[in-house]
Amino acid sequence: MGYFFNDPGLLTHALTHASFAYENGLPPNACNERLEFLGDAVLELCVSELLYTLFPGMSEGKLTSRRAALVCEPQLAALARDLRIGKCIRLGNGEDQSGGREKGSILSDALEAVLGAIYLDGGADTVRGVVFRLFKPLANDAPALRDNKTTLQEILQKNSRETAVYYIIDESGPPHNRIFTAQVTHQGNVLGKGAGGSKKEAEQAAAGAALKSTPPK
């Protein structure tokens, strides 16, 4: 990734999966989930700035679709494979034996966690440079992905400037096989709920449920 950590412990933290923490008796916060939460926000902001800069004539809707294509789980997992992040993740034995190093959700979350760690270690300008370097070559070729979240947001934007808000309302299952339940709201109204093996999958499922119901006015 072209970055050397001042505090290598942050990188170790970013590459520690919940299954490893669980099997080794480490506290829950020893895994990378909090850094993944931070890295997700950092990535979305940096990619938004990258696209805003690269495509000055592009509409908001098209920018949103292109960003969704760049930060979706399959794209992040593919980039993580190119960076060989899977070989570096600290996994529990059970997750490792079941092919966890190739799971899209684990790889994409680890990449986001590493970006969150770079933000804490080197600051906003540093992580912006890393994200720009990694994603600029992909920006022109990113497909106009019509995922559930993007489609729902485009429907909402026809009559409102407020965006949909997603919440993880439940987590269940062992660390190596978590099930997340997400809820999507708009202007205080619950539009749909859905579940998945990662937070992103759950949010997509919630958006899909909202799209199957009466379209928002």
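I began with a definition: a residue is partly exposed when its relative accessible area falls between the limits for buried, under 20%, and exposed, over 50%. I kept in mind that the model is predicted.

Entry on Lys 199 and Glu 36. I looked up this pair and found a salt bridge between the two side chains, at 4.0 Å from N to O. It joins distant parts of the chain, with Lys 199 in helix α10 (residues 199-212) and Glu 36 in helix α3 (residues 33-54), 163 residues apart. I recorded Lys 199 as partly exposed because its relative accessible area is 26%.

Entry on Glu 102 and Arg 81. I found a salt bridge here, with the closest N and O atoms 2.9 Å apart. Glu 102 sits in the loop between α6 (93-97) and α7 (104-122) and Arg 81 in helix α5 (residues 73-82), so the pair ties together parts 21 residues apart in sequence. I listed Glu 102 as exposed, at 52%, and Arg 81 as partly exposed, at 35%.

Entry on Arg 128 and Asp 125. I noted a salt bridge whose closest N and O atoms are 2.6 Å apart. Both residues lie in helix α8 (residues 124-139), three residues apart, about one turn of the helix. Arg 128 is partly exposed, at 25% relative accessible area, while Asp 125 counts as exposed, at 59%.

Entry on the total. I recorded a count of eleven salt bridges.

Methods: Residues numbered from 1 in each chain as written. Predicted model: local features only at pLDDT ≥ 70, side-chain atom pairs only at ≥ 80, totals over all residues. Heavy atoms only, no water. Helix = DSSP H or I, 4+ residues; strand = E, 2+ residues; numbered from the N terminus. Buried < 20%, exposed > 50% of the residue type's maximum accessible area, 1.4 Å probe, protein only.
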